[in-house]
Every structure is written in C-alpha cells, then in structure tokens.
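Here are my notes for when you open the file.

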Amino acid sequence: MRNLPLFWARSQTLILWLIPGLRRFSSSASGGGGGGADVAVKKVTRSNFEPALEDLRALVREADFVAVDLEMTGVTSAPWRDSFEFDRSDVRYLKLKDSAEKFAVVQFGVCPFRWEPSRGSFVAYPHNFYVFPRKELPVHGPSYEFLCQTTSIDFLAKYQFDFNACIREGISYLSRAQEAEALKYLSSKYLDGLANSFCNLEEHVDIPLVRTADLFFSERMKIKFQEWRDAILKGSDKGCVNKENADGNEMQFQTVFFKMRPAVFLNGFSSHQLNLIQLVVRKHFKDLVYVCVVDEDNSWQRRVVYVETEEDKASFMKEVQQDVMRVEKRVESAVGFRHVVDLLASDGKLIVGHNCLLDLAHIYSKFFGPLPSSMMEFILAVHEKFPYIIDTKHLLNSSQVIQFLMKRSSKSLSSAFSLLCPKVSSVSQNSTSSTYVRFEIQADETGSSCFNSGAKHEAGYDAFMTGCVFAQACSHLGIKFEVHTPLYDLARNGKIKNYINVLYPSWNSGTVLHLNTGTESPESGYKRKYPAVVFANIVLIWGFPSKFKPKDLKDCVCRVFGPDSITSIFFIDRTAALIQFSKEEFVNEILVLKDTLERVNDPISMLHPLSKLLEGGNTRAANYDTYRDICAASASKVLFADQADSLGIHWKTKLGTGSQETLEASCNETTTEVTSLVEHSSGVSADSVRQFKHQISYVDILDSLIVSKSLEKE
C-alpha cells in the first residue's frame, strides 16, 4: 500500500459501488445525478487555495489518472457560431477559438483517482475550484473582459451555482505568457528609473523641449527641488512644500519618508511632466534619486528621494533592487490557479475529460498563452503540454462494447454515468461480478466546512463522474485493475491505447482529432445527416430578403441551373445560407451571373428568376473561403449579415480567379439567335436588344427562362 500523506490521516469515507447495468434512475441535487448518497466535493476559493494546492500536489503525484471538467460563462458568442456539419475543420477551429477567447472559466473541477489495492477500489478526491480573472498586478492595459451567454448563466443558476463565491472569492490567475510579460514590465519599470538616476553624472543630459511650457515647468521644478533639498539640509520641517498648478490641474508636491529617507511624493503630474522631473533630477542633483514603486493597493507611486552620500545612494539602490525581487514573488503569487494547471501538465498524468476539446481550448488560452492560428498548431501544442488525454465522449462513441451497453442512449456525461455507474448502494451489498468497479470518496474532517455535497453540472462533481465513467469503461474493455498494480502505465495499456489522444471535436463533425499527429480522420460509425460535404462546391449567400425560406432559395436557383444542380442548402441563420452544388463549376457561374445581373439594370435582367434573390439590393455572394474569413473576425454580431457588414464588406459579389475574364466574355456575347429568342420568349423587340448590346449576356437569361417554363409544366 502506498504511503498516505498526512492530509489523509483523519478522513471520512464514502464508498460507492458502481455496478454495470442499464437501469436508469432519477437525479437529485443531493446525489448529484447519481441518485444515491452524497459525494463530498472540496470547495476551493482564495481563502483556502494555498493549502489545497499543496495537498493536491501529493494527490496528483500518487494518482493513476486525473479527471477534469470546466464550467464557462458561455459557449457561442452568436447563433451562427455554433458548430455545423457544413463547417470545414479550419472554420470549426475558428469558432472554437472565438468561444475560448471570449468567455470565462468560472469553475475548474479536478479529481485525482488512485487505485488502492489493499481496498480493491479507486480513491477519488473531487476538488471544485472557483476561478475568476481578477487583475492582481499594476500592469498596463485594461482589466479583463469576458462575455456571458444568458442561457449559460441561467443554466448555472438552475444548478445552484454560487456566483458570489466565484466573483468575490474566485482564484485569479496569469497565463505563462502574461506572467512573462508582467515580470518584464514590472522589473523594467523599477530598474529603468534606477538606471536613469544612477547613470554617469558626467554624461551630458539634454531636456527635450517639446514646447515653451516644458522649459518653464523644468525650471520651476529645479527651483522647488533646490528649495526642498536646502530645507532638508537645514533641518527645516516642511510637510508640504506647496501645490503646483499646471494646465488647470492641482498637483501635490508633498514631503514623505521612503525607506527611512526624506522624499517628495509626486502626485497629480502627467506622464510627460514626470519624465521632465526625472530628467531635471538626473541633470542637476547628485543627492536626489527618482524612483517608481508599487504601493500596497497595486498603484504606481513616484518619489524623489534624498540620499546623504554616495554610500547611502548605493545602499538605497540595493534596497530598491530587493523590492524588484519582491515584485517577482508578487507575480508568482498572482499566477494563482495556473499552478494547478502546471501541476497537471508537469507530472505527465493521464488526463480524462468528457467532450473536452472546448475545455482544452480554454485551458490553453487562459493558462498558457494565445491560441495558435490553426487547428494543427493547437492540437500539437496541447499534446506537448498534456501527452496523455482520454476523451470519454470518443470512448463511448468508438467502443463496440460500450455502444452495446449504452444502446441508443445519449452520450452525455450524466446519461453515461447513469447507465454505466448506477446509483450508490450500501457497503454490505457486495457483488461477485468481475466487472464492477468500487470507488471511495475521501474528505478531510479538519476542513469539513470546505466540503459540499456534489451536484450535477458542478465542475468538481462532473470531473468525478467523468473519472467514474472512464474507470468503468476500462473495466468493460477488459482491464482488471486488481492485477495491474501499480497502474502508472495505465496510459500505455494496450486495451485503451487506441483511445488515447483522440478527441471528439463536435456532435456533428463526423471526424476525430489525433493529438499526437495533428491530423483529423473520419469517425467510425458516424451517420451523416446531410449528403457528403464538398467545400469546393459551396457558395455563401447572405443579406437576401427576409421572406426567403430554404425552399424559396432552392426553387430560385434550380430555375437557373436545373432541378439536380443543388445537393443541399443549409441556412446559417435567417440572413445567410450555404448552397452546395452538384458541380464545382456552378459556384463560379452563379457568382458571374449574379454580378452580371446587378451590373445591368434593364428589363431583361428583371425577368431573370435569380432577380427574386437580389431584391432589395443587399444580397452578397462569395465562395467558401469568405465564410471562413468572416468567422475569423473577432466581432460578435448576432446575425451573420451584420457580422459581414462589421468587416466593411462593400462589394456585392466576390468573384473567383478567372471570373472577370468569364464575365467580360459573357457580356460581349450577342448573336442573331439571341435576338430572335428574346423576341419570341419575352416579347422584347430587337431594337431593345440592340440598345443593351454589350451590356449583358442574354444566353443565360433565356436558358433559365426556358428551364423555368419546363419546371412549371412538370
């Protein structure tokens, strides 16, 4: 048996017997969706974070795997940013990236699982961390901002989410990139001032004169510092020299003490004026030092300090440099919750999540740095941080054994937990089944006030459910935990190796992501709801009349290109749609035809069936790459058409390569046959045709009219 940390010495134990079965049971708040006994989940906030982190280090080190789960303030910043089957992998990633960058993580569940051979059970330690992106350091830039999706907030409130605990007591954090930036900024802020104050005094220093007022201000500051220093040397007591008034603003010029030395507290000066003061001190006073330090309330304070001798100046410099070291410790403290993520990444443990691609995007964005620009870069970067990841959603979808047990049930976490891990039974109800998995949940009595009864959709409890589903699935796949002791090589077990580092990207993508190679492959057994998507055959149309429905759009286009020209139509929202043609050339042809009709506003073009789509003059069209570009924009307009407008798109049709030449050839195409067809089909005289010669190609128009009549007869 492994040595238990002191934290485990006095504990209360809840024992759950998770026996395979298909019987459903009702969820309850006290049972957290498990329908039975309470599960003790440790609540971690700012007040108990430090000791909880130290305990967690030991728990993760001893764990065989760690389950995680996140709760966020939202999922999609606009309805059209949902994941669709018509989304190419790069578009899906852009939507994922947008979600992770715009919404906040408010709860982070971490649950280490350790197999205890002497008890024949897993010991689970669910932790529920409240997280809030509070600004802890006086670094430049605005405070953190994030979006809240009302449906997500309402969902959290429905499951008794403690918003007060999150906002008031949530643990702040810095990403690795933010930490490096903060250290660089704060250190330079301290040391740059010292470097300027302790430079070679023989060096000639010029004060830049931006305007005449700068000269007067610099001279006035020189006189006041001279008076103040003389008063100090004479032993005069001046608590406040006087008040300066520049540009109509009151500015305090006040005497204080800094590190047991007389100093002038500079308050109310502009950054430009402070630069001038710094230069005045540097040029004219050997016994004054300008410093910039962080106060207790995280605000920057500027002071001019009097030092008696060169030795005193050197001593003062060392003291300020010690402040720099304290700033570094302050930054380390501000790292906050990221220490937990670093812990999970450093130990190389098997990390288990459920449908966790979005969770991983949030983890990377919040705790490592800006998300990479492409899906491949992202998944390779995640794999570098977390070498072993199991997505139980993929496991449930891919394993035939689990599929048989789940039958046609939902693959949601709560459903999988209900079916694979039935409600809690008493300890006395032992089972002789070789596939059951036994769990113990331990809570420290000395911190019992920190433990709550777990509930569904609480991150800590969901992490616990995720780990239970994984362990039970492993048992169904033939892993016998009692004969695999210790389980440090669980991530390399042959029975689950095919499920390691494979992520389920979304409910309707039909593909899976391989973290170790950065590639994407079709998901086995996926049932497609739509015909196979060929992205080269898709045209994007938006801004069309609001009365247009999918059937209207299909009828309009089919009258031009034929009844079999369209494979499928997908409405992104009521303002935009993706049309997939049966042939790739139709994409270019409809773009050319649309551009032609809009260039020529004549009676002939008004007869064209496509003119119904162009009513109002706001209809835009482009190929699939434009859809990707619009999705990549950071704006979050509710409607897709408004999103496109926010990007400053003024053109109506974006023609592909070579389309302009096709257009010019089409516009110059007039023949005697066209003239006679126009006269016969539309009643337009030959003179009218000649009047609009070289403005539009009538061949496409008349062909579409003929097709339209034939469709009406059918």
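1. I'd start with helix α15, since 18 of its 18 residues are buried and the helix is therefore largely enclosed by the rest of the structure. Keep in mind that this is a predicted model. α15 covers residues 459-476, and its first and last C-alpha atoms lie 26 Å apart, close to the 26 Å expected for 18 residues at 1.5 Å each. Just past α15 you'll find glycine 478, which has a positive phi of about 105°.

2. Now the cysteines. Cysteine 468 counts as buried because its relative accessibility is 0%. Cysteine 474 is also at 0%, so buried goes for that residue as well. If you're wondering about disulfides, searching the whole structure turns up zero. Cysteine 468 is in none, and its nearest cysteine sulfur belongs to cysteine 421, 5.6 Å away. The cut-off for a disulfide here is a pair of cysteine sulfur atoms within 2.5 Å. As a reminder, such a bond is a covalent one between the sulfur atoms of two cysteines.

3. Next is helix α16, residues 550-561. How far apart are the end C-alpha atoms of α16? They are 16 Å apart, which agrees with the 16 Å that 12 residues should span at 1.5 Å a residue. The buried residues in α16 include two cysteines, Cys556 and Cys558. Leu553, Val557, Val560 and Phe561 are buried there too. After α16 comes glycine 562, with a positive phi near 105°.

4. Three strands make an open sheet, ordered β16-β17-β18, with antiparallel pairing. β16 (502-503) and β18 (519-522) are at the edges with a single partner strand each, so one side of each has no neighbour in the sheet. Strand β17 (residues 511-514) is joined to β18 by four bridges, and the two run antiparallel. To get your bearings on that pair, find leucine 513, which stands opposite glutamate 520 in β18. In general, strands of a sheet pair through backbone hydrogen bonds, either parallel or antiparallel.

5. Serine 418 sits in helix α14 (residues 413-420). A polar atom of the serine 418 side chain is 2.8 Å from the backbone oxygen of serine 414.

6. The other one, serine 83, has 23% relative accessibility and so counts as partly exposed. You'll find serine 83 in the loop that runs between β3 (65-72) and α2 (89-102).

7. Last, the whole chain. The protein chain has 24 helices and 22 strands. Of its 714 residues, 53% are buried. Among contacts with a separation of 6 or more, 76% are between residues 24 or more positions apart. The accessible surface comes to about 32600 Å², and carbon and sulfur atoms account for 51% of that.

Technical notes: Residues numbered from 1 in each chain as written. Predicted model: local features only at pLDDT ≥ 70, side-chain atom pairs only at ≥ 80, totals over all residues. Heavy atoms only, no water. Buried < 20%, exposed > 50% of the residue type's maximum accessible area, 1.4 Å probe, protein only. Contact = heavy atoms within 4.5 Å. Areas by Shrake-Rupley, 256 points an atom, 1.4 Å probe, with all protein chains shown as cover. Polar contact = N/O pair within 3.5 Å; in protein donor to acceptor, adjacent residues only side chain to side chain. Pairing = 2+ DSSP bridges. Expected span 1.5 Å × (residues − 1).
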